[in-house]
Amino acid sequence: MRKSRDSEILEQNTGKTTSDLSSEQQLFGRFSRRSFLTQLGAASLAATTAPLAHAAAVAEAPVGDVDGKAVVPGAVPVTLKINGQTHQAMLEPRVTLLDALRENLQLPGTKKGCDHGQCGACTVHVNGRRVNSCLSFAIMHQNDEITTIEGLAQGGELHPVQAAFIEHDGFQCGYCTPGQIMSASALLKEPIGKEDADVREAMAGNICRCGAYNNIVAAVQQARRSA
Amino acid sequence: MSSSVIGAAVSRIDGKLKVTGAARYAVDHPMDRLAYGVGVPSTIANGKITRIDTSVAQRMLGVITILHHGNADPLFRPANPFERDSHAGESRPPFDDENVYYYGQFVALVVANTFEQAQDAAAQVKVEYAESKPSVRISEAPAPAGPPMRHYSRGDADGSFKSAPVQLDVTYTTPAETHNPMEMHATIAVWNGDKVALYETTQGVVNHQHVMSEMIGIPLEDVHVISPFCGSGFGGKLFPWPHSMLAAMAARRTQRPVKVSVPRSMMFTTVGHRPFTQQRLRIGATQDGKLISLRHDVITPSSIVDDYAENCTEPTPLLYSCPNVTSQQQLVHLNIGTPTPMRGPGTTPGLFALESAMDELAIKLNLDPLDLRLRNYAETDESSNKAFSSKHLREAYQKGAERFGWSRRNPKVGSMRDGNLILGWGMGTCTWPAGRGTAEVRVRLNADGTARASSATQDIGTGTYTVFAQVVSEKTGIPVEKVDVVLGDSSLPPGPMSGGSTGNASVLPAIAQATQTAVDTLMEIAVRTDCSPFHNADAKTLTMTGGRVHAQDKPAESGVPFGDILKMRRLAGVDGRRRPVRMRAQGTFRVIPSARNSVRLPGTRALRA
Amino acid sequence: MLAFRYSQTNSIDAAADAIRSPGSKFIAGGTTLVDLMKLNVERPAALVDINGLPLDRIEPTADGGLRIGALVRNSDLAWNADVKQRYVVLSEALLAGASAQLRNMATTGGNLLQRTRCYYFRDTNYKCNKREPGSGCSAIDGFHRIHAILGTSEHCIATHPSDMAVAMMALEATVHTRGPKGERSIALTDFYLVPGTTPNKENVLEPGELITYVTLPALPQGTRSHYLKLRDRASYEFALASAAVVVQLSGGRIQHARVAMGGVGTKPWRSKEAEQALQGREASEHTFRAAAEAALKPAKPLRDNAFKVELAKRAIVRALQVTTQTA
């Protein structure tokens, strides 16, 4: 069973090495550093039928474990429902939802672009609504349904917005893309006007420095038509 | 047989990874025992650090160590300009001394178990300074450093200006600009004994590897730079910046992987920018708009520690026909971070000034601005007295004029309206050198019918992954979906930086040649394998279409899938980088080696209007 | 960010209780608070999460007005049918603010209490009388292009950045609170304080006092309203100058007029001077211009924000033109 990364903090705080710990407590049992480097060194960009290899790895990660001890001083048990799965982690109250996703829950699909709610790269859904995860604390969301980019595709099928982004080439470097897609998919349920200008206004909270805006608007409009 | 892959609207092959959040950027990679480094930036622009008080910070929960100039491991300087492939953004290693050279310079790094602990402790590091008055504007700078740079001269621009019937003397300034890609600069450094792996976001894994090897002071082969995805850079990620060295230093000191992310506020101070420019244009012309004299004098600032000159005068000597031309650049040193290339460095602000001056000259002469350009059209490159390998600027002017309805333009300022909007309508000439760098590519054809292309170059959003797949597909007929592309790793065959709009031009010939070599080898295998249908045939009579090997004078269906040929020989695959001993001369698929900063092939300049 | 104790409550009484421990602050949407905590400008020892309080409804009041719970999200308030129909300026002002994501998080109460965007306030390396009374104001001799021209003092020129509050000023809102001393109602025009010698005091709330509702009175029949926001970018940016106007015409003459400005005041700026210049007058550009002149007469521009004087005047004129359809 893979522990949350708090196990490694435990090691630091208790002075025990990895080998002192039981195999259950070992860090990232399946993902040793060596295997990571091997995997990443051979990071072939498979354009074949298993393009979601990385996403699949995340999905396979066991969830639901909790470390009874407060391994980070001040950390408390926090339960979060993300993409339909329950996660438990020991988090300080000051950990933002964004950092909890990226650093504690191995869901780095959501990106940090500014950490101050000014760029939209960190957009996730809370109870179906788009929000900036960098401006909210994880501990405040224990009763919420959270959806991240990793949870948008259902059963291997891309969400219409994801498919539209590919079709209209709505990205270049791809870093703002998860935020754009989370924003656009939530927008489908908002009372936005029909025109491109309305879409631009509604998407104004997501910045793209590569300048893929025209294609993003086209992708969003297509998704709206097929929604 | 020409495939439609090149020029077809192929979806990016990395698209699915990007839209599902599966693409891994620098600090997305999970690590065992990860520690976090948060920087303390200087709050003065010029002076000395007199005291760093870490007494509170170092006792805070989770803090492992605090690095600064008083306790930093020694770093070295990059060997550039003595070596080719090692340019650092800032040649001064971080924590080199107690001096502060610009606002927002790293003066300390707190390393802690969590990001929150590191950030909290960083705010508690108390730094005291002996502040000196900073110079941050050209007007505040001491005298220019050294003689003019990039001095070019033909004829007598000075004298011919004085005697010209029409004279224009204008000075323009352009502001500093920051790259600020969506992905902030960041590094994860992981040591394994004496070797270090660096998860980076970079436009040049090879250069990054060289620089880190030199600045850390370890052998090149002990540095591994990994950057499969880069949240763009716009030039700012061509060269490594101080945080990268700090991550490596912190990881070695703590014996743990360390992640250092440059916060958005420091993206304005310590990772380069396009500098402010001040440009004086002096143009002398005849009454009917023939250029007699052209002088372009530029002053740009660099940091105290580096000489970076924004190359504004690059196009001036060749853009127009003019017998007397002088251009030169002057550098001043200010208390700012070292500038760096950004989106068409030098030429972009340079053309702004030159073209604005031409516009003002047109007004002075009462000439149509397009007409003025045409009257001074350069039939040859007068700076080198060579013909352009191709130049279609005149046609571009003409087509543009037609399409935009230029004839409907009323030149009187403020004369064109649309409701209560005042319309302005102008044109300008634009040019950029068509350069390319060295590139090595390996292409492997696999027995399972797939292909794999790899190179230590990068896709920064420019579509390089897809371009590689397209070229391999074009030459073999293997569908794009069956071509794996591996980039962004310094352990791969050395590839070019992703900069200067040189990427595709650099890799395309290499991909093509590597593919061809693999295909040629495959043919040799086909004719020399007993159970092959082509056994003892002449390899030169075979070809590959749609992934099938067949005789050239027969249709593709008559052949066999290339993977089968390999299986017949029990080969897992064949490499396009290496060739069997008895084959034609070996070659790595290097495209014309070129010096670092002038990657232009002589005589090839593409001009675009 | 400083570590803090976290607690959560679903009862107003329990919230009032929890806030009593020293260094405690309420947190709702968090869009201002978390931002400032990351900058170490706000350093609460404890946060009381009030998102569970039953204060998220929008309901009509007996006198034909509207009662808005303090925890109603900005987006919900902007999209509400009643608001869109009867208080157009409020919907427009909300939708002109921030981004969709932020509007989904931010609450009515939090929007009223948002802090200034002054660069020096937000950077603890600079002297700031709002953060530390008596330490000095870095903006007055520094970069102050976005700063206020109305309600300033020699101690502080920071602009109040809200759009919603400006609209609510023009709509004559009332703020309802619950505190240690019980409940009270405060006219919005009395809610905010100008900096004077105490820039650290931005409103009349007492420690432990929680905003529970905002009420809007009914507007006279046939009233029209509009919010016009002028800024450097087309969207997702604070106002350089904005105008919220509420106008009722009768026979081409102005019967009821309310004018408020944003982006130019140290608090959301209601201009009774402009309203007096409009009352009973003919709805014409001449009248509007006179009202605008009256509104900006007390302005104290500085070197870098002097442009706001004319810009704010034109915002008022244009907003009035749009509202009376004489544009």
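**Sheets, helices and chain contacts**

Mentor: In chain B, an open sheet with mixed pairing is built from five strands, ordered β7-β15-β14-β13-β8. Strands are DSSP runs of E with at least two residues, helices are runs of H or I with at least four, and both are numbered from the N terminus. Two strands pair if DSSP finds at least two bridges between them. This is a predicted model, in which local features need pLDDT of at least 70 and side-chain atom pairs count only at pLDDT 80 or more, while totals for chains, interfaces and linings use all residues. Residues are numbered from 1 along each chain as its sequence is written, chains are lettered from A and ligands numbered from 1 in the order in which they are written, and side-chain values use heavy atoms, with hydrogens and water left out.

Trainee: How many bridges join β8(B) to β13 of chain B?
Mentor: Nine, and the two strands run antiparallel, with β13 covering residues 277-285. B:V166 stands opposite B:A285 in β13(B). Helix α7 (residues 347-365) of chain B packs on this sheet and touches β8, β13 and β14 (291-302) of chain B, contact meaning heavy atoms within 4.5 Å. The direction of α7 makes about 145° with that of β8(B).

Trainee: And what is the order of the open sheet of four strands?
Mentor: In chain B the order is β23-β22-β21-β27, with mixed pairing. β23 (483-486) and β27 (573-575) of chain B are at the edges with a single partner strand each, so one side of each has no neighbour in the sheet. The twist averages 15° from one strand to the next.

Trainee: Which helix lies across β21, β22 and β23 of chain B?
Mentor: That is α10 (residues 464-476) of chain B, running at about 140° to β23(B). Helix α11 (residues 503-528) of chain B also packs on the sheet, touching β21 and β27 of chain B.

Trainee: Changing topic, how many residues of chain C are in contact with chain B?
Mentor: Eight residues of chain C are in contact with six of chain B. The area buried between these chains is about 510 Å², and carbon and sulfur atoms give 31% of that. Buried area is the accessible area (1.4 Å probe) lost by two parts on being put together, summed over both.

Trainee: What does A:R129 form a salt bridge with?
Mentor: Its partner is C:D76, and the closest N and O atoms are 2.3 Å apart. A:R129 lies in strand β4 (residues 129-132) of chain A and C:D76 in helix α3 (residues 74-79) of chain C, so the pair joins two chains.

Definitions and conventions:
Axes fitted to C-alpha atoms, helices over the stretch in contact; angles between N-to-C directions. Salt bridge = Lys/Arg side-chain N within 4 Å of Asp/Glu carboxyl O.
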